[in-house]
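Please look over the model below.

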Amino acid sequence: MLFNSLPFLVFLPVVFLLYWFCLKKHLNLQNLLLLTASYVFYGWWDYRFLSLIAISTLADYFIGLAMVKKRFIKRRKILLLTSTFINLGMLGIFKYYNFFIESWMQAGDSLGFNMHFETLQIILPVGISFYSFQTLSYTIDIYRKKIKPTSNLIEFAAFVSFFPQLVAGPIERASNLLPQFGRERKFDFEFAKSGVNLIIWGLFQKMVIADNCATFVNNIFENYQSHNSLTLALGSIYFAFQIYGDFAGYSNIAIGTARLFGFSLMRNFNYPYFSRDLAEFWRRWHISLSTWFRDYLYIPLGGSRGTRSQKIRNVYIIFLVSGLWHGANWTFLVWGAIHATFFIPLMIAKTNRKNIDHVAEKSFFPGLTESLQMLSTFFIVCCAWVFFRCPSISDSIGYFHSFFQNFSLSPEYLSIGRYSTELLLLLSVFVLIEWTSRTQEQPITGNQKFLKTSLALLMITMFGVFSDHSNFIYFQF
């Protein structure tokens, strides 16, 4: 079920009314309703894959309980490894098995060996990368004695499958979200209203920005050989805004929807394209994933401790794994490697924690230095996005080759019946809105909320893409 679809428009009010008006004084029944609604929400896509969520839920629930009963560290490690094997095993089979088998056969063919292995005819379950990491962090935190396991199966199952953030995050920690299922929740009008504002802004990001960009991006990337430099440059910029509007839009809708039911989820995006270096970009982009890798992979590897070569190794590992998390393709590994390569000089120079405040915090306009820093960071990010978007390494290289081979800065008329530059005005308005709100959670806040809400709804009505209800990009991850 998609947030920007008619079924969800019916589903959400029904669950909301049952939750607050029929079960207001019954916490356990509220949790059971959320659990049921979450399974309906996910099963709307394909009910067969509900079994994977159930397996992950039951396995980590019982492993968590068993872990606190084991005093010996060796037995606790065995239980942790079991949880890791189950969660990453399912993820590996459905997401990476065919990739590694095909890569192995291609490597063998290049060396003159004729190898053949059967691949699996399966589809990737929506959201498996998200809920696998969420439930895995639960058992890791119990192993580290940071949290205690819950004995309430309904609460834990609802935590794993909570429908607002089930399929595309934010990837929540048990220490933040799980206790909220055990506390009595009272309807807070102002909190719920802030949730509605987040939903509206998220729909604006998705339907007005991301889906309009998608029309141009698909045409440009599918026909990159015939386009000139300006169009290809715009293609990478449009994709940067497409994936940002798509994913940040989903996150804002998820956070806003959770607030309607009295839950607080972590922020996932913080105006990342105003970053002054790549380190700041990763503190502002997909925050729940970057902090997950920091806490459960980077720091255990040694983090920024050790020799220079060890630090460089750790950075490459974290970014390559992050790339692989996004998809089973060599293009994602290259995307991760590009970010690692430009992050490492910041770490070596110890400037990776330099920009932790808001850009142009005391003035409306950024200074010349900050402007150049933002532009150069955005340039690197856009170049890396080409590898993220293209289906293969050869297509990515071909995209850059066409940029130099077909060098021209004249606007082109695309086969979709529009000029390549038409979208720039809409994106300029979007950037201006975000820039003026860069110190706030989202633009629909502060003074004149009603006017801002009305304008956002008007722009969704006028410029939003309503046809085909396109999937969110991160559903494939």
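## Helix H1: the buried side

The buried residues of H1 are Phe-8, Phe-11, Leu-12, Val-15, Tyr-19 and Trp-20. They lie on the same side of the helix, because they cover an arc of only 130° around the axis. An α-helix has 3.6 residues a turn, so residues three or four places apart point the same way. This is a predicted model.

What covers these buried residues? The cover includes helix H2 (27-46) and helix H9 (229-260).

H1 runs over residues 6-22, 17 residues in total. From its first C-alpha to its last, H1 reaches 24 Å. That is close to the 24 Å expected at 1.5 Å a residue.

The other side of H1 has exposed residues: Leu-6, Leu-9, Phe-21 and Cys-22. For Cys-22 the relative accessibility is 51%. The cut-off for exposed is over 50%, so Cys-22 counts as exposed.

## Cysteines

How many disulfides does a search of the whole structure find? The search finds zero.

A disulfide needs the two sulfur atoms within 2.5 Å. Cys-383 is partly exposed, and its relative accessible area is 24%.

Most residues other than glycine have a negative phi. Tyr-271 is not a glycine, yet its phi is positive, at about 50°. Lys-350 is not a glycine either, and its phi is positive at about 60°.

Where do these residues sit? Tyr-271 is in the loop between H9 and helix H10 (278-284). Lys-350 is in the loop between helix H13 (330-348) and helix H14 (368-389).

Are they buried or exposed? Tyr-271 is buried, at 4% relative accessibility. Lys-350 is exposed, at 70% relative accessibility.

Ser-437 belongs to the loop between helix H16 (424-436) and helix H17 (449-463). Its relative accessible area is 5%, and Ser-437 is buried.

Which residues does Ser-437 touch, not counting residues up to four places away in sequence? They are Tyr-271 and Pro-443. Tyr-271 is the buried residue with a positive phi.

Key. Residues are numbered from 1 along each chain as its sequence is written. This is a predicted model: local features need pLDDT of at least 70, side-chain atom pairs count only at pLDDT 80 or more; totals for chains, interfaces and linings use all residues. Side-chain values use heavy atoms; hydrogens and water are left out. Helices (H or I, at least four residues) and strands (E, at least two) are DSSP runs, numbered from the N terminus. The expected span of a helix is 1.5 Å times one less than its number of residues. Buried means under 20% relative accessible area, exposed over 50%, partly exposed in between (1.4 Å probe, protein chains only). The arc is that of the directions from the helix axis to the C-beta atoms. Contact means heavy atoms within 4.5 Å.
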